[in-house]
Amino acid sequence: MAGHSDRRSLGLRAVRRRGPVRAEPRSPSRGSEGPEQKVPSRRSRAELLRTSHSTTLHTPTPITSAPAGTARAQTEKEISVRDIEPVQAAQQLRQAFGCFPSGVTALCAYRDGEPVGLAASSFTSVSMDPPLVSVCIQHTSTTWPKLRDRPRLGLSVLAEGQDEICARLASKGGDRFAGVDWFASDDGSVFVEGATLWLDCTIQEEVPCGDHDIVLLGIQGLSAVLDTSPLVFHASRFRRLASI
Ligand SMILES: Cc1cc2nc3c(=O)[nH]c(=O)nc-3n(C[C@H](O)[C@H](O)[C@H](O)COP(=O)(O)O)c2cc1C
């Protein structure tokens, strides 16, 4: 879990100031304003957040059905306001994304007599009906063009202990499948042996998004090994699950 010091390193600064809690008078009806009656501020919550760190927000008094003695509690709320700094650097963003733990998948297919594939941690389940999952592929990938015209793609959710396989499937040089146990389906999907889940997929849609494409994959078949723990990727490190 990211602790307080981690938040600081990401440039987040906690500000918590409590202002005095005061009851505001009800808005007088038009034309009845006297010297003793103050009109409560009509600033919106958004405006307050933009312009002040004060934490006491005054909402208009409800006109009806407030039981006697509860109006004060209902009309004032104290909230905590913090500064969230804008995105300034790629490293900051990378660290931020790394706060979210994920599994790691291998997306592979058979092409020109050999397996091709890459490691992807951006895997997400998307839809039950129809069954869809997604991965995000960076536009600079040199492997994706070799995968995207395949009739089927094999997606393997890597298991605990398969971190070296993951590193190999992400490597820039050399044979990515050297030392990797794999098998293929008749349709050319390639799967990693020992993974915790195999999904036999077709490409349903590619949606360009920023510097990545969201690739929607239709699930045509699957095989899950439910008692095998997955590999976990968090904060640029491989980890293992622990029960709580
Ligand atoms: C743990 C891990 C997760 C990765 N996840 C993704 C991902 O979700 N999407 C992606 O495009 N690349 C991801 N990569 C990078 C690719 O595996 C690969 O290195 C990259 O596509 C460059 O190789 P290529 O030019 O052969 O495609 C990941 C790498 C690692 C080590």
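Predicted model: local features only at pLDDT ≥ 70, side-chain atom pairs only at ≥ 80, totals over all residues.
Residues are numbered from 1 along each chain as its sequence is written. The chain has 6 helices and 13 strands, taken as DSSP runs numbered from the N terminus (helices are H or I with at least four residues, strands are E with at least two).

**Overall picture**

- Of the 244 residues of the chain, 18% count as buried.
- Among contacts between residues at least 6 apart in sequence, 63% join residues at least 24 apart, a contact being a pair of residues whose C-beta atoms, placed from the backbone, lie within 7 Å.

**The sheet**

- An open sheet is formed by 7 strands in the order β4-β3-β7-β10-β11-β6-β5, with antiparallel pairing, and two strands are said to pair if DSSP finds at least two bridges between them.
- The edge strands are β4 and β5 (124-127), each of which pairs on one side only.
- From one strand to the next, the twist averages 40°, with angles running from 0 to 180 degrees between N-to-C directions and axes being lines fitted to C-alpha atoms, for helices over the stretch in contact.
- β10 and β11 pair in the antiparallel sense over 12 bridges, and Cys-209 has His-212 in β11 as its bridge partner.
- The hairpin formed by β10 and β11 has 2 residues between the strands, and Gly-210 in its turn has a positive phi of about 60°.
- β7 and β10 are antiparallel partners over 5 bridges, with Cys-201 in β10 as the bridge partner of Leu-153.
- β5 and β6 pair in the antiparallel sense over 3 bridges; Ser-127 stands opposite Leu-132 in β6, and the bridge partner of Thr-124 in β6 is Ser-134.
- The helix α6 lies across β3 and β4 and runs at about 110° to β4.

**The nonpolar core**

- The largest nonpolar core holds 34 residues, of which Leu-107, Leu-158 and Ala-195 touch the most other members; such a core is a set of buried Ala, Val, Leu, Ile, Met, Phe, Trp, Tyr and Cys residues joined through C-beta atoms within 7 Å.
- The elements that give two or more residues to this core include β3 (105-111), β7 (153-157), β9 (190-192), β10 (197-209) and β11 (212-224).
- Not counting residues up to four places away in sequence, Ala-195 touches Ser-156, Val-157, Leu-158 and Ala-159.

**The shell around the ligand**

- The ligand is surrounded by 17 residues, the closest being Ser-122, Ser-141, Thr-142, Thr-143 and Ala-170, where a residue is near a molecule if its C-beta atom, placed from the backbone, lies within 6 Å of it.
- Two or more residues of this shell come from each of β4 (114-120), β6 (132-138) and α6 (163-170), and β6 gives the most, with 4 residues.
- The shell divides into 11 nonpolar residues, 6 polar residues and no charged ones, with Ala, Val, Leu, Ile, Met, Phe, Trp, Tyr, Cys and Pro counted as nonpolar, Asp, Glu, Lys and Arg as charged, and the others, Gly among them, as polar.

**Loops and backbone geometry**

- Most residues other than glycine have a negative phi, and most peptide bonds are trans.
- Asp-112, in the loop between β3 and β4, has a positive phi of about 50° although it is not a glycine.
- Ala-235 also has a positive phi of about 50° without being a glycine; Ala-235 is found in the loop between β12 (232-234) and β13 (237-239) and counts as partly exposed because it has 14 C-beta neighbours inside 10 Å.
- The peptide bond from Asp-129 to Pro-130 is cis, with omega near 5°, and Pro-130 is found in the loop between β5 and β6, where a hairpin joins the two strands through 4 residues.
- Pro-101 is found in the loop between α4 (90-97) and β3, and it counts as exposed because it has 12 C-beta neighbours inside 10 Å.
- Leaving aside neighbours within four places in sequence, Pro-101 is in contact with Val-232, Phe-233 and His-234, while the C-alpha atoms of Pro-101 and Ser-121, 20 residues apart along the chain, are separated by 9.2 Å.

Methods. Buried ≥ 20, exposed ≤ 12 C-beta atoms within 10 Å, placed from the backbone. Contact = placed C-beta atoms within 7 Å.
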